[in-house]
Amino acid sequence: MALINLQSFQFYSSSVRTCRSLGMLRKTLNHLSDQGRQLRSWCYGSSVFGTVLSRVRFRYVFCRNYHAELWNQPNSITGTVHLHRDAGNSFKFHGKWMDEQKFFMELNSFNSSNEIFKFLGSLEVISDTMAAAALQKICEFEVDDSGLKNPKDILENEVFRALCFQFENESQKLSDTGLVTALQALIKLHVDRWSTLIVRLVSESQERLDKGQLTIRNLCILGESLLDLEGPGCTMLEQIVNLVQGKKLEEWTTEEIAMVYGMLQMSITEEGQYQDLLNHMNNITLTLAPQLSPKLISRILNSLVILDQTQAIPLVIRLCKYSVKHVPRFTNDELVNVLGAFLHFGHTDQFFTEALERLVPKSSFTMHPEAVSKVMQYCCRKLICSKPIFDAVADSFAYNADKYTTRQIAEYIVPFGTLNYLPPSAPSVFRKLERILNARFTQFQPHTLLNLLHSCTLIERYPVNFLAKIFNPYFLQQLQVQTPGLDRFVLSQLTQLFLTVTLECPFYEGPKLLPKYRVKSFLIPGRSLESSVDVHLYNRVKTGLVDLLGTRMYFASHVLTPYCYTLDVEIKLDEEGFVLPATRYEEVHRRIALCIDGEKRFCSNNHSLLGKEAIKQRHLQLLGYEVVQIPFFEFETLDNSRKIVEYLHKKIFPRTYRLSW
């Protein structure tokens, strides 16, 4: 096997172990220096590497340059290479031999790439899989969504450059795992796809692919690397998937199944592509669900979301069920993936919610904001008004909100309005929110900002200081330009904001919402600021009203008011309290609005009205209506017409004696 020795920097042939003298290497270095070494460089590893840092400084006795693109800056890799054969699968560490298990334990204990380089520099012999794993660990520290964090510190590191040289020149001698893992790490480090290093590693991968001997794991690593390098159009990808399909799925490990899901989620470009393979995998995974670790459950659920496997709902439900016991052990990213699956597939689980209620109060200050915002989205979408979660999130918001993105801020606050809940720390929360809005108003996306401010009004927190900017024509133009534009729901939000400030903030003297932006009804198909009445409950109430009033003519149904709200039932009374026919418009002294509130108008876990229903009833009262609420949980207990009539009489005419018809 090939080894690198960074202490003496002598080059030995991998076949005959012949040593070039230090003087000859220095001449080589001088010769290369005369020709110029202004090339960009990258590196990888080989079957077994010996890497030992000199006790003094590195002496550049051999040089190799590679062309790469990063930050448009030239870099060079200079290093002496010491190659050995038949060194086994272990390496020297301070004069002692250490096995791979100890190496990986050490590697996983480090907290920075500098610690890894220092560790590697203290070693004599390591396998190519160890070297590749070290590069992967460096990627974890140095690569994020924006790219390589510190390219100069990595590319100019002497250990890194020596490893890179060895990977290029010994590509044919690498183990399969070392080859594909090294290739993946280099691609993550944004190596130029046309560099000699990448070309050689990809070429060697193709040769081994043609032999058909790569394991499932290595096929998946190679597939993901090529997807990062060339995208779904990569010609080798179809060959990889065909080889995967040829493997006996029943013999795959749970880790391999998760890896294949991950590769397919990036490679599928057409609906139904590889669906037969996915169906088979879904069925196998269904039986293996109890064996899956938290990490694998999260990965598979995330893949099912991206692949939109709506036909695999039994698998989703089973994975969600087994995720309950892992809630305390999920990392932030894993919890985000699991919650994303709950949201995507519309699933909910009482035990999962209870597990979140135990987790969030203890961890809200230390959890990543994205994980907390996902928890809030889950509660909001499933209409779960959880006091333990909401109180803990409110406390952490008041303390940490300055660190959140504008999207996260909205995702924290909107559920409070949607579910009509004010936490004990509400004063601190909304003071913090006001300070953030004053400082970062222009950073919010228009639709995000509108949702945020509108949700505040649902719980009687009025953004008066910002309404002038909301009703400004420039802001309305921004809303129109960005998706979904000024659709009916957005116009309804604007109209309700205007109505709220008119009814509840009479001191407001700023700009008004122009009439052309106002809707005439809040009740619209699909997404709406009102919930349509439950038909079954309405029919039972209607029958009871007929029995109570004597005839259908004394009440009207589905009445659209001049104030955009639709009444489930309206009853008119004259000055003496007598009921008037529904078609009568003169001599109307009182109007009674019956709100027939079915289950969908309440939170799913308690009998608290949703924010949009609470603001409707509040506004109707301010507009002069006598609001009578008929909630489903009261009405469903009435099992005969006599009880129904008595109930309605007490609700609608609590101070009058009922005559029998």
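**Entry 1: helix 21 against helix 23**

I looked up which residues of helix 21 meet helix 23: Pro446, His447, Leu449 and Leu450 in helix 21 touch Phe475, Gln478 and Leu479 in helix 23. I took contact as heavy atoms within 4.5 Å. Helices here are DSSP runs of H or I with at least four residues, strands are runs of E with at least two, and both are numbered from the N terminus. This is a predicted model, in which local features need pLDDT of at least 70 and side-chain atom pairs count only at pLDDT 80 or more, while totals for chains, interfaces and linings use all residues. Residues are numbered from 1 along each chain as its sequence is written, and side-chain values use heavy atoms, with hydrogens and water left out.

I then noted the geometry. The axes of helix 21 (residues 446-458) and helix 23 (residues 473-481) come within 9 Å and cross at roughly 110°. The axes are lines fitted to C-alpha atoms over the stretch in contact, with angles from 0 to 180 degrees between N-to-C directions. The two helices are therefore roughly perpendicular, a label that covers 65 to 115 degrees (under 35 is roughly parallel, over 145 roughly antiparallel, the rest oblique).

**Entry 2: salt bridges**

I recorded 21 salt bridges in the structure. The criterion is a side-chain nitrogen of Lys or Arg within 4 Å of a carboxyl oxygen of Asp or Glu.

I looked up Lys137 and found a salt bridge to Glu140, with the closest N and O atoms 3.5 Å apart. Both residues sit in helix 4 (residues 128-142), three residues apart, about one turn of the helix. For burial I used relative accessible area: buried is under 20%, exposed over 50%, partly exposed in between (1.4 Å probe, protein chains only). Lys137 counts as buried at 13%, whereas Glu140 is exposed at 55%.

Next I took Glu530, which pairs with Lys616 at 2.7 Å between the closest N and O atoms. I noted both Glu530 and Lys616 as buried.

Last, I checked Arg591 and Glu570, whose side chains form a salt bridge at 2.9 Å, N to O. Arg591 is in strand 10 (residues 590-597) and Glu570 in strand 8 (residues 566-573), and the pair links distant parts of the chain, 21 residues apart. Arg591 is partly exposed at 29% relative accessibility; Glu570 is buried at 6%.
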